[in-house]
Amino acid sequence: MHLIVLGLSHKTAPVAVRELVALTPARIPEALMAIRRISSVREAAIISTCNRTELYVVSESRDEELLADILCHGEHGAEARDHLYSYLDEAMVRHLFRVASGVDSMVLGEGQILGQVREAARFANEESGAGPVLRRLFDQAISCGRRVRTETDIARGAVSVSHVAVELARQIFGDLKGRTVLLLGAGETAEMTARLMVKFGVSFVTVANRTFERAEALATVLGGQAVRYDQFPEKMERADVVVCSTAAPHAIITRDVARQAAARRRGRPVFLIDLAIPRDVEPSVADLDNVFLYNLDNLQDLVSQNVETRRDEIHLVEQIVEQEVASYMQWVGSLQVVPVLTELQRRFEDIRQAEMERTRRRLEGLTPDERDAVDQMTRAMVKKMLHDPWRFMRSSDESGTAGALQALVDVFGLELSGTASPLPTVEIIEPEPLPTEPEVPVGQTR
């Protein structure tokens, strides 16, 4: 059995590449179905956020290439492949636990990822992608994330992407009092950003969403106004800040749409915050006068300033992660021990019965009670021979157990079903680190 994760994140791929493989909620069931069609795959789950897209799989064989084919489909698939990483078995478990703990996030310690891990688990359960191994894995990842937030200060002072976006707006305008905001998309990220802007004095919020009822509900909460989705271009004229967080498969604010809106504003600056993957705003919009455009990659500058205050907590987080990894791998190891020793017991029992049958004629002179005593004695011998292997397996660490199980399989020629095969040695395949991109000065006019 292999535990596999394959994907890419903000650490290995810029936003232009991440959007090539991003999976909207509507596309995740189809992707899960494609993964489950791989004959060796037993379980599957997907985490897809603005900063990462990852496929988690329990499989009987090494399926990285097949998983990469599913994730990197289409004409730009080859470009995305260069940014993929893959972790196996214990390394896969460690990766997920670090993700849930917030130490693998763009914003160190941010809490939103824990909810996204929980959502991925729920989705996999509903779509019948997760089985006992992944259900246990994600449950323990969530538990690990909670422990980290309870037992360390990694989240103290941490800010979400929404916080960073609002801070950028404050730097550009100096003060948000009296400013107006247009929300494109009414999801969690958009709502969080809008709430923060209202807190800092924004006077009016307009919400445009493909589902008008959702736009109305959010506008009511924010004390703003809902408009039909196709009305957003004309509403941009009065918006000082436009927050884009839709699930559209392509850019909805083109250069032409932005140019017309900027012209109608007669030189008044407009700040576009593109929090979507794929991006909602064409990159060339940044070249227009009096238009400030920032996407997820551009937010790294402010994020890095926020990290230093919590770096001392990372080693405490890693200790918790390692404890949780060891606990989970011990459980996974137990899944391997039972089938192997059960098969070994069956093999010994076959030998015992064959020998009893071979000596049956010699036992014909015995009374029924005496023959029963011989049967009980041979059964006891088999039980005693199995006692030491059982005890050794229960006391060994994960690496020792895996090696011993494989030895038993090889020495006794045991034939196991697919899920019973021992875990292999851990391997890690990952790309070269992403080159550092030029910093985008905060508040710079394009």
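User: What makes a residue a contact of arginine 279?

Analyst: Contact means heavy atoms within 4.5 Å. This is a predicted model. Leaving aside its neighbours within four places in sequence, arginine 279 is in contact with Val15, Ala16, Glu19, His250, Ala251, Asp274 and Asn295. Arginine 279 sits in the loop between E9 and E10.

User: Why is arginine 279 called buried?

Analyst: Its relative accessible area is 15%. Buried means under 20%. So arginine 279 counts as buried.

User: Aspartate 89 and arginine 266 both have positive phi. Which is buried and which is exposed?

Analyst: Aspartate 89 has 1% relative accessibility. Buried means under 20%, so aspartate 89 is buried. Arginine 266 has 76%. Exposed means over 50%, so arginine 266 is exposed. Phi is near 55° for aspartate 89 and about 55° for arginine 266. Neither is a glycine. Most residues other than glycine have a negative phi. Aspartate 89 lies between strand E4 (85-88) and helix H5 (90-101); arginine 266 lies between helix H12 (255-264) and E9.

User: How do you know that the buried residues of H3 line one face?

Analyst: Glu64, Leu67, Ala68 and Leu71 are buried in helix H3 (residues 64-71). Seen down the axis of H3, these residues fall within an arc of 100°, so they line one face of the helix.

User: Why is the pair of arginine 42 and glutamate 60 called a salt bridge?

Analyst: The N to O distance is 3.9 Å. The cut-off is 4 Å. So the pair counts as a salt bridge. Arginine 42 lies in strand E2 (residues 41-48) and glutamate 60 in the loop between strand E3 (52-59) and H3, so the bridge ties together parts 18 residues apart in sequence.

How values were computed. Residues are numbered from 1 along each chain as its sequence is written. This is a predicted model: local features need pLDDT of at least 70, side-chain atom pairs count only at pLDDT 80 or more; totals for chains, interfaces and linings use all residues. Side-chain values use heavy atoms; hydrogens and water are left out. Helices (H or I, at least four residues) and strands (E, at least two) are DSSP runs, numbered from the N terminus. Buried means under 20% relative accessible area, exposed over 50%, partly exposed in between (1.4 Å probe, protein chains only). The arc is that of the directions from the helix axis to the C-beta atoms. A salt bridge is a side-chain nitrogen of Lys or Arg within 4 Å of a carboxyl oxygen of Asp or Glu.
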